[in-house]
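Here are some notes to read alongside the structure. Take them one at a time, and find each residue in the viewer as you go.

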Amino acid sequence: MNEWYFADSQPSFSLLDLLVKDALRSERDETQEPLADIEIMEYPVLPLRNMVVFPQMVAPLSVGRDRSVKAVEAATANEDLLLVVAQRDEEVHDPGVQDLYSVGTEFIIGRVLRMPDGTTNVLGQGRQRMQIVDVVHTEPYIRVRALPIFEPSVKAASVEALMRAVLGLFERCVELSPYLPDEAYVAAMNMDEPGTLADLIASALNLDVEQRQELLETIDPVLRLQRLSVLLGKELDVLELENRIHAQVQQTMDKSQREYFLREQMQAIQQELGETDAQTQEINELREKIAAARMPEIVQKKAEKELERLAEMPPAAPEVGIIRTYLDWLIELPWHEATEDNMDIAHAEEVLEAHHYGLPKAKERVLEHIAVRKLAADKMRTPILCFVGPPGTGKTSMGRSIAKALGRKFVRVSLGGIRDEAEIRGHRRTYIGALPGRIIQTMRNAGSINPVFMLDEVDKIGIDFRGDPSAALLEVLDPEQNYAFSDHYLDVPYDLSKVLFITTANILDTVPPALEDRMEVIYFPGYIEEEKMEIARRFLIPRQLEEHGLSALGLSFSDQALRAMIREYTYEAGVRNLERGIANICRKIARRVAEGKPFPRRITAESLNKYLGPPQFAHGLTQEEDEVGVATSIAWTEAGGDLVTVEVTLMEGKGNLTLTGQLGEIMQESAQAALSYARSRAEEYGFGDLEFDKIDIHIHLPEGAIPKDGPSAGVTMATALISALSGRPVRRDVGMTGEITLRGRVLPVGGLKEKLLAAHRAGLKTVILPKKNEKDLADIPRRVRRDLKLVFVERMEEILAQALVDDTTST
C-alpha cells in the first residue's frame, strides 16, 4: 500500500508538486492532460470505520463523532466535497492522521439529515481516488491536501476477455449468495470500463477492509480486475460449500418430513380400515418412548437401529423378544432424570444426628461434601467412600441417612459371595436369558442418575474361573472412568459420574489394593458401654416398642438392666445383639399383653434372667488372681477387639518348644523371638542357672478353634515366658500389645482403637502400649482414656517392671 509523510513544518509546494508529479507520471498515458494541469486540493477528511467507499459508489454514511460532524459541516459550507478515508483499526474511537490509510475517495454530499439521537446521516457518491500528500490541520477536524489519481485507459482484447471472466464469476456468486441482489449483476453488465466494473463488484462483495483498501489502492484497472477475480474465486468456493451443506441439511429435513407425513398417512389409512396390527402399534409405542427418553445421541442411534431391525422381523422370529427386552432396558434407564440436592448443611447435620449417635468422622465428611458441592458443584468430583468397621456399627444405616440428608434416592447392592464378573458388568446378548449387571439393574430401580448407591460387603467378593468381580468394580469406582461405564448387555456407555458410591467392609485385608486406592476409607470403630446405652435409649428401644405395638403402654428399661444386657448378654463392638435382646424382651411382654395377663411396666436387671435366661458372658477380668506364666494380650478381630490369654508352662524334657492354639506363622515366629530374648537375658531376670536343654516349654493360647496370627502378641508371650522361667506372677489387671525384637525393642502395632475398647469393655486397669502408638490416641474416646492407665514403653524391661509382681508383694 502507498505510504505518505508528515512533517512538523509544511514543505514548499514546488518540491511537493515535483514529487507527486513524478510518482504519477508512470500511471498516465499520452492522451491525458499534462501533469502541469494537476491541481492539489484541500478536503475535510471523514474517517470511516469498517468501510471503504469506491468511485461512482452511492453510499449512506452515519456520522456521530465530533470531528467527523465538523468535517461534514465544513464540506457542506464549501462545495459539498469530502475526502472519505478508511481507518486502519476500527477500534480507535478518535483517529488521528496516522490511523488512516493514505488513499481515499473524493465524496460529494447529496443530502444531510440530522437524526433525533444526535447522529448525522450523509448520503452521497464517490467520485475519484485521491492520494493524501500533506496535512493542513487536525483540529477541529482533519483537513488534508490531496491529489487525484487517474486511471490509465486500457483497450485490448485480453482486457475484454478478463472483464467477461470476472462477470461470469460474479454472476455465479449472485446466484448462490443470499445477500447479493440480482440488480448488482445487471448494473455490472452495463459497465464498459474495466476499472468501473472492478469498483462496482468490489463494493458489492462481502470483503474485509484490508481487501477493499487494497483494491482501492490498485490504480491499474487490469491488475485490479485480476486481483478481484482471485477474490471472486475464493468467495465462489465458500458459497458453493455453503450451498452444498445447506442442500444436505435440507435434504435430510425433507426426508424426515417425508417419512413423518407418510407414516401419518399410513397410520390414518390403517385406522380407517381397522387394519392396525399389534406389532405396528408396539413399534409406534416404542418409537414414541425412545423419543421421550432423551437418550444421548449414541444411545438413541443404537435404539433406533434395533427398532428398525425389530420392525422388519416377522412376529414369530426368535430375536423379537431379545430385541424388545433390550429396548425396554434402554427406555427405562434414567439418562437425565436427577433429584435436586438439598444443600442445607444445618438440615443435613440435623438428619445425621437424629439417626445416628457418635460417628463424628463419617458425619463430618458428609457435611464437608455438601459444603464443597454448594460452593463448586460443577468442578468437584463425586467421592467414593468406604465405611470400614465391625458388624453392627451403623455403616449401612449411615448410607440411608446420607441419602435422606442430601434428598437423594437410596439403593443398595450386597456383593457378599458373588464370584462372577457378569454380576457387575452383565452378560452379552448372545447368551440366552442375558441381563445387565447389578449396577445397571439398580440404576433402573433408582430412577435417577444421582442416587446414593451402597455396595455392601465389598470385602467378601469371591473369585473363580468366571472372573474377578472386584476387577470389574475398578471402572465403577473410578471417577476418571465411570462417566462412560460399559455394561456388556447394554453395549453403550452409561454415565455413573453423578452417583455417590458408598462401599462397606468389615476389614480391608481382602480388598484388592487397586480397589482400595480408589476409595476414601472412613473407619467405624466399636462403641463403648456408654455409647451403647445412649443408642439403646434413643433408637433401639423406641424402634422395638413401636414394632411390637408397645409404644402406648409406657414400657421402659432401667439403666442397670441395659448395662447388664451389654455386659452379660452381648459381647460385640456393635449393637445388633443388644437390639435382639431388647426385641426378645418385647416379644415376651407383647404375648402377655395379647393374652390379657399382667405385665411389668419397667424392665430391671433382676428380671433379665426371667426373659433372657442366664448370662452368656462373664464381665470383668479373665483371671481371678495373679498367676505365674499367664499374661493378657489385647487382640484385634473382625468384631472389633478381644482379650487373649497367653499361658506358658515348663516341664522336664529336652529343650523343645511347643506352640498350640491354632497359631499362624507370624505368631509362631513371635514366640521364637520371645524365647530367644528371654534366654539371652536369663542372668538379668534371675534364671541364669536354668538348663534349657533339660526342660520343655509349652505356649498355649486358649480358644483353639479360632485361628490366631499377627506379631502384636510378641511382648505378651515374652512376659509370660519370663514369668514362668523366673517364678514371678503377672498382674491380672494388666493387658498389653506390641511386637518384640531379639534386642527387646517394642515395635508399634495396628488396630489400637479396637484393642483399647476391648480392654475397657473387659475391665482392665492398665494397658501397656508401644511408645510409637502414642500418636494414635487422638481417635480414642475420652472416657476410655480416663478409665484406663495407659503406659507407653520402648523396651521389654519397661513392660516387665509394670506387669510382673515384685517378689516382696507376691503371694
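In which loop is R294 found? Keep that in mind as you start on the points below, and remember that this is a predicted model.

1. **R294.** This residue is found in the loop between α8 (278-292) and α9 (297-312). Look at its backbone: R294 has a positive phi of about 55°, although it is not a glycine. Is R294 buried, exposed or partly exposed? With a relative accessibility of 47%, R294 counts as partly exposed, because the exposed class begins only over 50%.

2. **N50.** Here is another backbone angle to look up. N50 is not a glycine, yet its phi is positive, near 55°. You will find N50 in the loop between β1 (41-48) and β2 (58-63).

3. Which residue is joined to P140 by a cis peptide bond? The partner is E139, and omega of this bond is about 0°. P140 itself lies in the loop that runs between β5 (120-137) and β6 (143-148).

4. **Helices α4 and α5.** Two packed helices are described by the angle between their axes and the distance between the axes. For α4 (residues 182-189) and α5 (residues 194-204), the angle is about 170° and the axes are 9 Å apart. The two helices are therefore roughly antiparallel, since an angle over 145 degrees is put in that class. In the contact, A184, A187 and A188 of α4 meet L197, L200 and I201 of α5. By class, these residues are 6 nonpolar, no polar and no charged.

5. **Helices α11 and α12.** Now move along to α11 (residues 345-355) and α12 (residues 360-375), which pack at an angle of about 160° with their axes 10 Å apart. That angle makes α11 roughly antiparallel to α12. Their crossing is right-handed. On the α11 side, the contact is made by I345, A348, E349, L352 and E353, and on the α12 side by K363, V366, L367, I370 and A371. How many charged residues does the contact of α11 with α12 have? There are 3, together with 7 nonpolar and no polar residues.

6. **Helices α24 and α27.** How do α24 (residues 714-726) and α27 (residues 796-803) pack? Their angle is about 60°, and their axes are 11 Å apart. The two are therefore oblique to each other, and the crossing is right-handed. From α24 the contact uses V715, A718, T719 and I722, while α27 brings M796, I799, L800 and A803. Sorted by class, the residues of this contact are 7 nonpolar, 1 polar and no charged.

7. **The buried residues of α19.** In helix α19 (residues 559-569), the buried residues are A561, L562, A564, M565, I566 and Y569. What do they pack against? Their partners are the helices α18 (529-547), α20 (576-594) and α21 (608-612), along with the strands β14 (556-557) and β15 (602-603).

8. **L231.** This leucine lies in helix α7 (residues 221-273). L231 has a relative accessible area of 13% and is buried, because buried means under 20%. Leaving aside residues up to four places away in sequence, L231 touches L207, Q211 and L215.

9. **V499.** The loop between β11 (493-494) and β12 (500-505) is the place of V499. Its relative accessible area is 1%, and V499 is buried. Which residues does V499 touch, not counting those up to four places away in sequence? They are T382, R408, M443, I449, N450, P451 and F453. For a look across the model, find E308: V499 and E308 are 33 Å apart in space, C-alpha to C-alpha, and 191 residues apart in sequence.

10. **Cysteines.** A disulfide is a covalent bond between the sulfur atoms of two cysteines. How many disulfides does the structure hold? The number is 0. Two cysteines to look up are C386, which is buried with a relative accessible area of 0%, and C586, which is also buried at 0%.

How values were computed:
Residues are numbered from 1 along each chain as its sequence is written. This is a predicted model: local features need pLDDT of at least 70, side-chain atom pairs count only at pLDDT 80 or more; totals for chains, interfaces and linings use all residues. Side-chain values use heavy atoms; hydrogens and water are left out. Axes are lines fitted to C-alpha atoms, for helices over the stretch in contact, and angles run from 0 to 180 degrees between N-to-C directions. Helices (H or I, at least four residues) and strands (E, at least two) are DSSP runs, numbered from the N terminus. Angles under 35 degrees count as roughly parallel, over 145 as roughly antiparallel, 65 to 115 as roughly perpendicular and the rest as oblique. A crossing is left-handed if the near helix is turned anticlockwise from the far one by less than a right angle, and right-handed if clockwise. Contact means heavy atoms within 4.5 Å. Ala, Val, Leu, Ile, Met, Phe, Trp, Tyr, Cys and Pro count as nonpolar, Asp, Glu, Lys and Arg as charged, and the others, Gly among them, as polar. A disulfide is a pair of cysteine sulfur atoms within 2.5 Å. Buried means under 20% relative accessible area, exposed over 50%, partly exposed in between (1.4 Å probe, protein chains only).
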